[in-house]
Amino acid sequence: MVGTATKKNIPTNHPLAEYIERLLNGEALLPDSPENLIEVVGVLHSYGIVLDAYSNNLIYFAENQFLVFFPFFKYFNGEINFQKLLRHWQHDRINYEYAEYCMKSMMWHGGGGLDEYVDSKEFRRLGQAVINAKFQNNPLVLGVNQLFPEFLFEQLRVCCYYSGLGQFWRVMSDAFMSLSDLYDKGKITSIAQVVDHVKEALVANANNPITYAVKIRDKVYDIIPQKAGLTFLMDTAVPYVEAVFFRGTPFHGTVSYNAQAYQIPPDQGRFQYGALYADPLPIGGAGIPPTLLMQDMRHYLPEYLHNIYRQTRRGEDDLRVQICKSFQKSMYCVTTAAIIGLMPYPADTSNPSEQDANRIYLQNWMDRFINSQLKVVNEQPITCEVVLPKWM
């Protein structure tokens, strides 16, 4: 085995050396078990449905609500009626605010070609044309834009991230739903197959162009043209993993924002508030953005997973926490797919120099996982009897 042949090249005192061996031997960061498989596939089924809604809304906003200063109906996707408004006020709706939280995290942390492009001269040239067309009959806004020349450009940058994240989630939603379909047919029977499925989706769509255009008075204006060269994997997927899985943002009410308290690192590159580090227990508390996601996913849980949650010690009382635990497991599977997909050489290479390069690459990843929940999800069983599907 590759892992055994060159194990001496890894420092024996690395706290996560065993996970490097797992990845080199074709395993995932999450152990393979029927229980983990049910949790991961079930929660990704629900997540895929929610991502479909998030993606549609983000793209709707980018294309139809761009440069609208008070977008009161931005969560309505163009379908505005009194009944829907009442449901909105009663909070009987998808929590699109979580999608915006992820978008703002991506924009703030930056990284990738999208971040570089929105600061480029080409973006400013195309953006100026859009601004002039949008507000050609509004001298007040054009006057304000003269006084504050970055204001409207910053709004356009935000719209670019709305569109970019929407396009990324469109692919991931389809991938998670097809994963669920294959599981239901008995064709997905292990965590390794889950990882392979996600990796294949990432690779198959890696070079999909990320573009963005808006229509103003029957004329289409490019904001991110195809010639900008932005692609799905490197310019949306990788920055998303970095911003949402690893860095994230500190949740209000859990840490002090007082600079003298030193509870938030001064360097955002040292942030460890992402999904892979989060403690699921605070889910449900005020100021915890993932609570919105868990609240959305609880409506679309497949019955086989929902039934498992009902049998846990607290039953429905901590459903959002249970969903969050399963969701965190699933994100380690997605992260495994990303790590393997970006590995410099095949995991089973027999070339010693390539083996060493792979180990250095994986060790750099493991350095970032030291303070994560990796060991917790590996030791976290479901506390009830799991009834497996008949085909397993």
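I take buried to mean under 20% relative accessible area, exposed over 50% and partly exposed in between, with a 1.4 Å probe and protein chains only. The model is predicted, and I number residues from 1 along each chain as its sequence is written. Local features need pLDDT of at least 70 and side-chain atom pairs count only at pLDDT 80 or more, while totals for chains, interfaces and linings use all residues, and side-chain values use heavy atoms, with hydrogens and water left out.

I found Asp222 in E2 as the bridge partner of Ala213. The two strands form a hairpin with 2 residues between them, and Arg217 in the turn has a positive phi of about 50°.

I located Arg157 in helix H9, helices being DSSP H or I runs of at least four residues. Arg157 is buried, with a relative accessible area of 8%. Leaving aside neighbours within four places in sequence, I listed its contacts as Met107, Val118, Asp119, Phe123, Arg124 and Glu150, contact meaning heavy atoms within 4.5 Å. I also checked Asn258, which is 101 residues from Arg157 in sequence and 29 Å away in space, C-alpha to C-alpha.

Notes: Pairing = 2+ DSSP bridges.
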